[in-house]
Amino acid sequence: MTAADLLAVVMVLGLTAYALTGGADFGGGVWDLLARGRDAADQRRLVSAALGPIWEANHVWLIFVVVMMFSGFPEAFGIVGSTLEIPLICALAGIVLRGAAYVYRAYGSGAAGPDHWWGHVFAVSSAITPVALGVAGAALVTGDVAEGAPLTPVTSAFGIVCGVFALAATAFLAAVYLCRDAAASPETEHLVPGLRRRALGSAVACGLLAAVLLPLLWSEAPVVADRFADRSVPFVVLSAIGGVTSLVALWQHRFTAARVTAGIAVAGVLWGWAAAQYPDLVVGRATVDSAAAPEANIVAMLIAVCCGLVVLVPSLWMLFRLFANPEPEAEAEARS
Amino acid sequence: MVQAAEVLSHVAALAQTGDLNPASATSTGLARGQTAISLAFHICFAVFGVGMPWLLLYVEGRWVRTRDPVWLALTRKWSRAFAVLFAVGAVSGTALSFEFGLLWPAFMARYGGVLGLSFTLEGFAFFTEAIFIGMYLYGWKRLSPRAHWLTLWPIAIAGTFSTLFIITANAWMNTPGHVTEVDGKVVSAEPFAPFLAATAPHQLIHMLLAAMMCTGGIVAGVYAVGMLRGRRDAYHQRGLRIGLTVLLVCAPLQLIVGDWAARVVGNEQPIKLAAMEGLGHTTTHAPLTLGGIYDEQTGEVRHGIEIPNLLSLMQGFSADKEIIGLAAVPPEERPNALLVHLAFNVMVGLGMALIALSAAVGFVVLLRRRRGQRPLVPTGRPWLWAAAASGPASVLAMMAGWEVTEGGRQPWIVYGRMRVDEAVTTSSGMPAIFTGTVLLYLGLATALILILRRMATGGPELGGSVGEATRAPDIPDARPAPDQQAPNLPASASAGDGSGNGTGTDPSGREEDTR
């Protein structure tokens, strides 16, 4: 295994962390968007309270992945930048709007337009971003990219299904995570049935989309599809087991277990993709080897990553532990 | 803004010279415009991410020790403003990391690896910041006051290190070294190349001081405006005092760093120095030209004030020091000296004004101390107006400074190695992308200004009465009293100070206007 390979593994792990944390934040926005009925306001509050302390940290995983990509595989980043401009710009607009709208709603007190407007901006941009990132990811799989043809990635059926799949996966994760948050406090327990229904529904949607996606993979991206059959079966099985046990756990109201299995289901998909994608970064254009920066730089980055993790892991652990459970006092205030 | 003007004139200049095909020239102009706007937008918030935690460390530290509600009120107000500024800074920073690739794909493809270590470390610094900001903003009730205060340390340290890492990347673009290229491909690069860039040390210190000055100036400005409107309570007095102290201590130091910076630039990027000074022709006994407009045709500055020999003296401590002029390189390798000279003068002029304010305030403070007057910081209306102006002046000076750094590097994206027009995207969608970016950022900036104005207006914050408690971070009520007492904060606070803490330990006690 070369240093570049190792860096690619680090990137995939970073992407997994982003999907499981930041992805769920996007999903939270989706449920904010789809909140209906009597409990809509309570549900939006639950989403907002769950995101509050952690969304900025979750979001940094994306920066981490982008930085790994442009520093470790600069040529691939150059290709991505000059061919995937439409999905990337959409993702970028979504990220900027979502983050800004979230704090404007939380702190604006209506100074810049009613808070619920910003709430809608937050929700819509949260939904756009995973679709755009999914479309961009799909283009790396098909390799159907060309300078001067910016529309290709967004008009491919495979790309669009991948985008929707990414959206469904984030919504699934968010619903599962929120089930546990809601169940943890008597103030929000009444939201559990609705969220549980949403979690089950989005799990089924993910399954159906995966069933559509597989034949498309073979027709649109034969190179990756062949490797997928060779290498990715264990990950697909892992993902399927994760998905099915999530359904069972949700059914049985075991929400902490469901969080873990839902995470495994999503991670399995990403790892299956990564295994099939290797050694290509952009199929037909750049491989891990061809696009790699000089080895000394990659080694330095890997060392920096290790040093960084020494700070990062305990800090993240503290953050998540500190906010693991809703605090009774705050909940009480929210109700008053 | 200066940078926007630079871009427009750049577009115009390229269109006139016609040495490039118009589409690519437009593309370059628009991509530069978008980068300039994104950077300007980002940096206006990033400076608070660097400066605010240090100020919060001070005010919250005072609160932890004294439990004085005025310190808590300052902490609460600042932490809310900081939350918004940091979030916008964070998302605009993310946008930048994408834009590098979208706008300058060839640059990233060739040099991404060189900058890898800087950006990787920056990523971790940013991570640390974001994690502890989550704890800080939302952990009021879950952490003890002391633990809560401690979470500020990693935020402050990581914010400062972020500056370090990002500045090294920019410094390398200005003075690239320690990299070997063959046929336009980097074959070997020392991982620490950005950290070894000749311009890195002064750029870093210059920027850190600028960040502190901007933060201090804006904080002082907000409270000065409040006092001009008649709110002269302890809360405003202390806010003003802290902001002004930070600004006015940093301003003179900035002069020393600036002088050092100019000498390094003169050695490493003589053409940039020539553009800054509006020096057309290489000469000894070079004068320092204040103000004026650089005329490209004659290579002279019109309407400027020349101080004979001074530039040579400043650069080489001798009037015989030869200073390289713009004419030393062909016209297509010269930056736009008109704008760079102008921006440089704006920066230096504002910096000098702030130093003058610093000296004047310092003098008056000493005087008042000798006379036993309190508060030490003068709060007459002219002083308050000066303090109110100092914030925008610092920010404008910083932006002008970046225009000097970036505009003065033109036409290079990596000095001497890659030109901006070689790096730019070939996308035909640039006009649409540019328009979209401008509209997005204008909208967000307008909303943000409205929100910050609302936050800045009025006295100390009333306990969690605004909005729903779960939306905004939960913030504790002042120790002894819940919400009901909050509206009377300043009055009760100064009374408490006067009788309790005594004037010896807390100079801010009994802050009455003795003007």
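What follows is a short chat about the model.

A: Ground rules: residues count from 1 along each chain as its sequence is written, with chains lettered from A and ligands numbered from 1 in the order in which they are written. This is a predicted model, where local features need pLDDT of at least 70, side-chain atom pairs count only at pLDDT 80 or more, and totals for chains, interfaces and linings use all residues.

Q: OK, what's the mean pLDDT of chain A?

A: The mean for chain A is 86, and 97% of its residues reach 70 or more. pLDDT is the predictor's confidence in each residue, from 0 to 100.

Q: Which element of chain A has the lowest mean?

A: Helix 14 of chain A (residues 328-335), at 46, while helix 11 of chain A (residues 233-251) has the highest, 92. Helices here are DSSP runs of H or I with at least four residues, strands are E runs of at least two, and both are numbered from the N terminus. Over residues 331-336 of chain A, pLDDT stays under 50.

Q: Switching topic: how many residues of chain B are in contact with chain A?

A: 72 residues of chain B, against 66 residues of chain A; contact means C-beta atoms, placed from the backbone, within 7 Å. Helix 5 of chain B gives the largest share of chain B's side, 18 residues. By class, that side has 43 nonpolar, 20 polar and nine charged residues. Nonpolar is Ala, Val, Leu, Ile, Met, Phe, Trp, Tyr, Cys and Pro, charged is Asp, Glu, Lys and Arg, and the others, Gly among them, are polar.

Q: And how do strand 1 and strand 2 of chain B pair?

A: Antiparallel, over four bridges; strands pair if DSSP finds at least two bridges between them. They form a hairpin with two residues between them, and Asp183(B) in the turn has a positive phi of about 50°. Val182(B) has Lys185(B) as its bridge partner, and Val179(B) stands opposite Ala189(B).

Q: Back to chain A: why does Ala182(A) count as buried?

A: Because Ala182(A) has 24 C-beta neighbours inside 10 Å. The cut-off for buried is 20 or more other C-beta atoms within 10 Å, with 12 or fewer exposed and partly exposed in between, C-beta atoms being placed from the backbone.

Q: Where is Ala182(A), and what does it touch?

A: Ala182(A) is in helix 8 of chain A (residues 157-183). Its contacts beyond four places in sequence include Leu46(A), Thr188(A) and Leu195(A).

Q: How many residues of helix 3 of chain A are buried?

A: 18 of its 18.

Terms used. Contact = placed C-beta atoms within 7 Å.
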